[in-house]
Amino acid sequence: MARNLKIKVARAELDMTQKALAEAVGISRQTMNAIEQGEYNPTIRLCRNICRVLGKSLDELFGEENEDA
Amino acid sequence: MRKNNLDEMQEKKLLSIEHNGMWLAFWGLVAAIMIQTCLGADFKQLAGEWVILMVLSIYTLIACIKNGIWDRRLKPNLKTNTLMSLLAGLAVFVIFGIEFHLNNQHGLVLPTAAFIGISTFLLCLAALQFTSYLYKKRKELLEQACDK
């Protein structure tokens, strides 16, 4: 699975650490890291929570272009 | 109900750990029963292991059929069921062959072990065919419910 750099970029735009994003979404940092590294495929519910916290759409963060990243 | 401390990935990992633990317990019990049988233990000595194995197996069987699940790789057809039953019959034949041999019942080793092996094959085949039938009926019912 490809790394999700878009989450990392969106997080950086908000000056948010991985730990802060994980807490805001309600998951462990371990899980947040696995999502960014492309090691874990989150459920649609978790994707939507991440999008809501980062103020992005599902397509922006989890769109198909991430496959090439 | 208390709040779940785990997030979805941790929950998935815990389920995977529990899954491995369940199969470890299952095959551990099978191995314990096989070894004790080979060493000539009577039923009273392995009744505890046998009861736990049966409870585990019956629970898994009922839960799977109820949810319309058979197996990841094996198909519920006569060919596969016959092959699996043959393997079970062969395993039982070998185990009882060893047990009779160790207990110095030389004259009866082959025919008795063969009889037990063939009986196991037939019982397994009947049980697999019956549960395959139940699975197919249940799957059909679940698919019909999707159409409603």
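Keep in mind as you click around that the model is predicted.

**Stop 1: two domains.** Start by colouring chain B in two parts: residues 1-66 are assigned to domain 1, and residues 69-148 to domain 2.

**Stop 2: where the domains touch.** Now look between the two parts. On one side of the contact are eight residues of domain 1 of chain B, and on the other are 11 residues of domain 2 of chain B. To find the domain 1 side, select helix 1 (8-38) and helix 2 (43-66) of chain B, each of which supplies at least two of its residues. Helix 2 of chain B gives the largest share, with four residues. What classes of residue make up this side of domain 1 of chain B? Five are nonpolar, two are polar and one is charged.

**Stop 3: the annotated spans.** Next, select residues 50-70, 82-102 and 108-128 of chain B, which an unreviewed UniProt entry annotates as "transmembrane region". Zoom in on 50-70 of chain B: this span is 81% helix and 0% strand, and its end C-alpha atoms lie 23 Å apart. Then move to 82-102 of chain B, which is 100% helix and 0% strand, with 30 Å between its end C-alpha atoms.

**Stop 4: meeting chain A.** Finally, show both chains. Four residues of chain B and eight residues of chain A form the contact. On the chain B side, two of the residues are charged, one is polar and one is nonpolar.

Notes:
Residues are numbered from 1 along each chain as its sequence is written. Chains are lettered from A and ligands numbered from 1 in the order in which they are written. This is a predicted model: local features need pLDDT of at least 70, side-chain atom pairs count only at pLDDT 80 or more; totals for chains, interfaces and linings use all residues. Domain bounds come from an automatic or database domain assignment. Two residues are in contact if their C-beta atoms, placed from the backbone, lie within 7 Å. Ala, Val, Leu, Ile, Met, Phe, Trp, Tyr, Cys and Pro count as nonpolar, Asp, Glu, Lys and Arg as charged, and the others, Gly among them, as polar. UniProt positions are given in the numbering used here, feature names are shortened, and annotations may be inferred rather than shown by experiment.
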